[in-house]
Amino acid sequence: MMTHVNTLAKQMMQTLNGKLIFLNSSELDEVKQRIEQIDRKFDRLEMQNASVSALAAGDSIEQIDSLGVSVRKLRTTYGRLFWIVLASSLSLNVANLLVSRHPSCAVEPSKQAIDRTRDVDSLVSGGIR
C-alpha cells in the first residue's frame with residue numbers, strides 16, 4: 001500500500017532548482033485522503049490490539065484466581081493431613097507407653113527355678129567349683 005502512495009507522490013511532485021513543487025493540487029488532496037485513511041486504519045488496529053491485550057489480561061487474572069483457589073485447597077488438605085499425622089503419632093506414643101508400663105507377656109520365675117538357682121549358688125559357694 002505504501003509503495004502505491006510513494007509512486008503517486010513521486011508522480012505529482014517534481015523539484016525545481018532543488019525545491020519541491022506540486023504539479024496538480026487535486027492529486028495532493030487525494031494523497032492527503034489516502035494518508036488519512038491509513039491513519040484511521042492504524043488507529044483501529046491499535047484499538048483492536050488494546051482490546052486483545054485487555055482480554056489477555058482478563059484471562060491472566062482468571063488463571064491467577066484459579067491458582068489461588070488451588071493453593072487454598074492444598075493448604076486445607078495439608079492442614080488436615082498435618083493434624084491426622086499428629087494425632088496418629090500421639091496415639092501411637094500413648095499406646096506404646098501403656099504397653100511398656102504394664103507388660104502382659106512378662107514371665108515370672110517359678111519357685112522351682114528359684115530353688116535350683118539357690119542350690120547352684122550354695123554348691124558353688126560350698127566348695128564345689
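Let's start with what a patch is here: it is made of residues with over 30% relative accessible area and no salt bridge, with like charges joined within 9 Å and nonpolar side chains (Val, Leu, Ile, Met, Phe, Trp, Tyr) within 5 Å. A salt bridge, in turn, is a side-chain nitrogen of Lys or Arg within 4 Å of a carboxyl oxygen of Asp or Glu. Lys and Arg count as positive, Asp and Glu as negative, while His and the chain ends are not counted. Each charge is placed at NZ of Lys, CZ of Arg, CG of Asp or CD of Glu.

Before you click around, note that this is a predicted model: local features need pLDDT of at least 70, side-chain atom pairs count only at pLDDT 80 or more, and totals for chains, interfaces and linings use all residues. Residues are numbered from 1 along each chain as its sequence is written, and side-chain values use heavy atoms, leaving out hydrogens and water.

Now find Glu36, Asp39, Asp43 and Glu46, which make up a negative surface patch. Glu46 sits in helix H2 and is partly exposed because its relative accessible area is 42% (buried means under 20%, exposed over 50%, partly exposed in between, with a 1.4 Å probe and protein chains only).

Next comes the greasy part: Tyr78, Phe82, Trp83, Leu86 and Leu90 form a nonpolar surface patch with about 580 Å² of accessible area together (Shrake-Rupley method, 1.4 Å probe; for residues, only the protein chains shown count as cover). Leu86 belongs to helix H2, residues 25-101, and counts as partly exposed since its relative accessibility is 34%. Phe82 is partly exposed at 40%, whereas Trp83 is exposed at 56%.

How many aromatic pairs are there? The count is 1, using rings of Phe, Tyr and Trp (its six-membered ring) with centres within 6.5 Å; planes under 30 degrees apart are stacked, over 60 edge-to-face, the rest tilted. Phe82 and Trp83 form that edge-to-face pair, 5.2 Å centre to centre with 75° between the planes.

Zooming out, the chain has 3 helices and 2 strands, running α-β-β-α-α from the N terminus. Buried residues make up 4% of its 129 residues.

How values were computed:
Helix = DSSP H or I, 4+ residues; strand = E, 2+ residues; numbered from the N terminus.
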